[in-house]
Amino acid sequence: MKPSKFRVRREGKTLALFCFLALTIGCWEQASDKPKTSTLSDAEKSSLNRLFLVADSLTSQAENIPASDSLLQVIAPLVEKSGRSKSTYQAHRQQILNLYYSERKKEAQILADSVVHQFALAEDTISALYNGLEGWLCWQMGNYREGIAPLERAATLFEEYGLEQKLNVIYNTLGISYGQLGDHEKAIQHYEAALQINEKHADSIKLSRNHKNLSFAYLNLGDLEKAEKHNRLGKIYQLKNNGSFELQAAEIYLYQGKTSLALQIVRELKNARPELFDADKVDNATHNLLSLGEILLAAGQWDEAIPSLKASLALQPEDASLADWMRTKNCCLLGNAYLKKENPALALPYFQLALTSSIPSFRPASVLENPSTDSLPPEVWAMEALRGKTAALDLISSGEQQKTSKEEAILQLRSALESAECAIHLIQILKNNFVEDNSRLWLGEYAFQNFYEKPLSIALRLAELSKDRTVLEKAFLFASKSKAGVLRTALAEKKKLLDAGISTDSIRQLRDLRLKAAAFQNQLNTTPSDSIRAALFKAKRDLDRFLKSLQMTPANQPGMDDFSIAALQNWLPDSTLLVEYFLGDQNLYVFSVSKTTFEVEAKPLPADFNAVTDGFHRSVSDWGWVVDSAIIAEAVYLKSASRLYDFLLKNALAAHPKTTRLFVVPDKKLARLPFAALLTRPFSGGWKETGLPVLIKDMAVSYRFSSAIPQRQTSGNKPSPRYGFGGFGTDYRDGTALSALQKSDDPASKRLLLALRGGPDTLDFADDEVDSIARLTGGQKWLNGQATKSNFLQNVEDCRILHISLHTVETDPHDPTGLAILFSKMTETDANLLTSSELYSLDLNTDLAVVSSCQSGFGQFRQGEGTLSLGRAMALAGCRATVVNLWKADDLASRDLMISFYKNLKLGQPKDLALQNALLFYLNNTISERAGPQFWANFSAVGEMDTLAFEEKNSASWHLWLGLGVVLCLLFSIFYFRKRDK
């Protein structure tokens with residue numbers, strides 16, 4: 001017979017009294033004033049530990065918590081006598097647990113804040129325990145961001161003292177916290193670190209939980225193979241089947257496209273084990289119902305999903321004073337279900353309830369009210385609630401579901417637009433909080449697909465209804481913020497470092513730590529092993545700790561995302577037109593900004609848009625096709641280049657006939673296109689003729705990653721580079737670098753011949769190119785045997801203008817660009833591949849970087865970020881402008897073009913005009929066989945197109961003047977002594 005609540009409590013108090021009597025008989029001493037260190041005897045310590053076990057067992061049942069509290073009061077004198085010790089920590093921990101589990105969470109938080117402040121200052125294991133307790137409580141209460149800092153402090157101390165078992169718990173809690181915030185890459189690192197500890201101790205329960213967490217993280221990152229592997233391993237280690245692995249397996253199958261199999265699993269589980277979804281029978285029924293509803297919803301079974309989601313929500317008690325991520329997620333899923341059922345009026349209240357669940361301070365008077373941006377929590381499900389609210393209001397305002405007046409529609413659209421702005425603001429907060437670029441890239445990709453086109457179309461519709469043109473600026477803001485988010489965040493971080501005025505030594509140390517982490521990452525990509533993974537984890541933790549130790553103060557200037565049309569127009573040079581594109585699913589949005597005008601054009605995509613853009617790109621970049629099928633390739637180019645000009649630029653340029661400089665912000669596949677080679681009118685001749693009406697003849701063309709990246713200034717805190725120009729080039733005639741790469745056992749290196757400038761052999765003119773430019777500018781050069789990776793790393797940060805004329809090779813696909821620069825190799829053991837991860841780790845103070853290597857403007861494409869090219873890696877490292885190659889370059893044409901380009905720069909021409917004039921000079925002076933766009937249109941200028949001041953301290957002149965001075969001194973000495981002898 002189950003005892004009554006009264007009986008359980010009475011028996012618990014009797015047990016506590018018995019324990020107290022035993023303690024007082026065996027080892028009681030009157031406590032004096034609280035000592036700083038423990039004065040307990042071994043017998044007293046042993047007794048305390050036993051009593052803490054009793055208190056903990058009482059806490060495990062809610063009915064016995066008062067008995068646990070009574071026991072803690074009884075042993076308080078001994079705890080006080082123990083001073084600052086583990087016993088004191090155990091007592092505080094038990095008090096906090098009792099408050100938390102008896103639903104007195106606010107009191108638990110207040111007590112935790114008090115004792116942590118009192119006991120966590122010293123750098124020892126006691127401090128680690130208190131920090132861990134604070135982090136755990138924040139995690140339990142859904143305050144993941146606040147909990148990370150104390151958890152990280154606890155981890156650092158436990159690492160120092162080598163307490164692996166404690167680290168296992170801390171790493172897992174950190175992993176869950178990072179995962180809840182969406183930083184799944186960081187979560188995976190901590191889960192894997194905990195997994196290595198658990199594998200040593202063969203703890204089945206913890207291993208099962210570890211693998212489940214890893215499976216969930218990989219599922220969120222889209223790595224379904226690893227998600228399935230860890231889900232399978234976790235199921236093997238589980239001791240009690242609670243259905244969670246089956247539910248997660250169903251979700252993996254769903255994302256793999258095996259919808260029918262996923263549905264079969266959840267339905268069989270529900271029929272075979274209904275107790276898993278009964279709160280009276282299992283503790284995790286709330287989670288199981290939520291998972292069931294989420295899977296049914298994703299599979300399109302909305303009518304089945306809604307009852308499960310409502311049942312889960314009903315089991316979650318609402319506390320209006322606390323954030324609750326699970327409740328927020330539950331409400332979002334219910335809102336999405338009603339959106340799928342085309343009932344936005346029922347969906348909207350759930351999204352609003354999700355916002356109040358994640359933001360306790362948000363208590364709206366109506367569903368049209370939105371939270372303030374400064375109240376937004378950095379959590380993914382809050383972002384989802386804002387997205388859902390935007391979509392629901394958009395549908396309601398359209399009048400498709402109900403009769404909506406114009407005035408009501410305007411109010412609804414304004415609220416939808418505000419909600420979308422909040423969501424995009426929250427996306428940037430999350431990116432700033434994320435540590436790993438892979439997580440930032442994942443968020444950017446997800447955000448682009450789900451958060452940007454809808455508010456852009458809402459802004460255009462609102463502008464049309466309200467006749468308010470200022471709303472169009474918001475549409476432009478959405479388009480700009482949809483691009484290069486990771487780059488913007490990284491540049492903001494670098495600016496913050498520079499503005500903080502940290503020392504040169506600290507900057508160097510930071511660079512070395514980043515390079516160390518990048519080196520381990522490269523090793524792990526090619527040779528996965530637990531030891532390398534552990535070394536990478538430690539290197540990244542060292543890097544994180546060092547960044548936090550810098551204690552940078554925020555810059556007082558506006559952030560990277562604070563920009564306006566007026567500020568952009570003020571910055572634009574005269575006779576310049578900036579054209580930014582947003583390529584949606586069915587429409588192309590074109591934003592044109594000049595010194596005095598701002599226009600938006602939305603047009604439907606032609607049915608053959610993809611075929612036309614792909615044909616144009618292939619006709620200029622695919623040398624094999626051009627050689628083998630020249631007539632067909634020429635015809636495709638002449639037709640597609642003219643059609644694309646009409647579709648992309650004709651209207652914008654017709655409205656600005658005096659344009660001489662064009663700044664292009666491309667989107668998606670438009671980033672691969674050389675706009676300079678577009679035809680301004682249909683042409684009946686051939687593509688080698690001098691009369692070919694290419695756009696470059698009318699205006700200079702350059703590119704920007706996003707309009708939201710402002711003009712960057714050189715920091716006054718950073719020393720000026722030693723060299724005005726620094727160039728690296730080799731002809732590879734020694735053969736060591738290429739032969740070593742071809743002999744390598746590394747499978748990634750064997751796929752090297754993706755983009756070798758001049759073929760998979762020597763580069764006959766690469767060293768000549770660098771040598772000529774160095775003579776022209778009076779700069780430094782590292783040629784052939786001196787063009788090594790070590791020389792590059794030692795000198796690159798001292799070059800204001802950087803020029804690289806080397807091979808580009810394909811690397812491991814885990815690297816962001818998939819490409820690397822191949823340097824000279826003096827011996828077989830020299831490292832000579834510089835990956836984009838290593839390049840980004842550098843801290844450059846470079847006005848211009850020319851990566852004349854093949855396909856340096858090419859790379860993996862990530863939605864919402866763009867092409868992850870070597871040029872982008874240069875921008876991440878701190879280059880204010882880059883010139884890159886969009887495809888495999890012709891070696892001789894590259895040399896001639898680059899020499900001409902630098903001559904124009906020395907004449908004081910802006911970078912884009914210098915490149916335009918170099919291209920025109922080439923076209924006017926080359927033979928027809930080398931006049932096709934394949935030879936010249938591959939060069940692309942990206943970034944800030946201002947002029948460069950050449951104030952090079954010519955090393956050759958310095959030696960000349962020194963030698964002349966020595967000669968004059970000798971002559972003077974000879975003259976002086978001869979005169980004295982006379």
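Let's start with arginine 541. This residue is buried, because its relative accessible area is 4%, under the 20% cut-off. Keep in mind that this is a predicted model.

Where does arginine 541 sit? Its place is in helix H25, which runs over residues 530-549.

What does the side chain of arginine 541 make a polar contact with? The partner is the side chain of glutamate 159, at 2.7 Å. Now leave aside the neighbours within four places in sequence. Arginine 541 is then in contact with Glu152, Ala155, Thr156, Glu159 and His190.

Next, helix H25 itself. H25 has 20 residues, so at 1.5 Å a residue it should span 28 Å. Its end C-alpha atoms are 28 Å apart, which agrees.

Now the whole chain. There are 38 helices and 16 strands. Of the 982 residues, 55% are buried. Take the contacts with a separation of 6 or more: 72% of them join residues 24 or more positions apart. Finally, the surface. The chain exposes about 42600 Å², and carbon and sulfur atoms supply 53% of that.

Methods. Residues numbered from 1 in each chain as written. Predicted model: local features only at pLDDT ≥ 70, side-chain atom pairs only at ≥ 80, totals over all residues. Heavy atoms only, no water. Helix = DSSP H or I, 4+ residues; strand = E, 2+ residues; numbered from the N terminus. Buried < 20%, exposed > 50% of the residue type's maximum accessible area, 1.4 Å probe, protein only. Polar contact = N/O pair within 3.5 Å; in protein donor to acceptor, adjacent residues only side chain to side chain. Contact = heavy atoms within 4.5 Å. Areas by Shrake-Rupley, 256 points an atom, 1.4 Å probe, with all protein chains shown as cover. Expected span 1.5 Å × (residues − 1).
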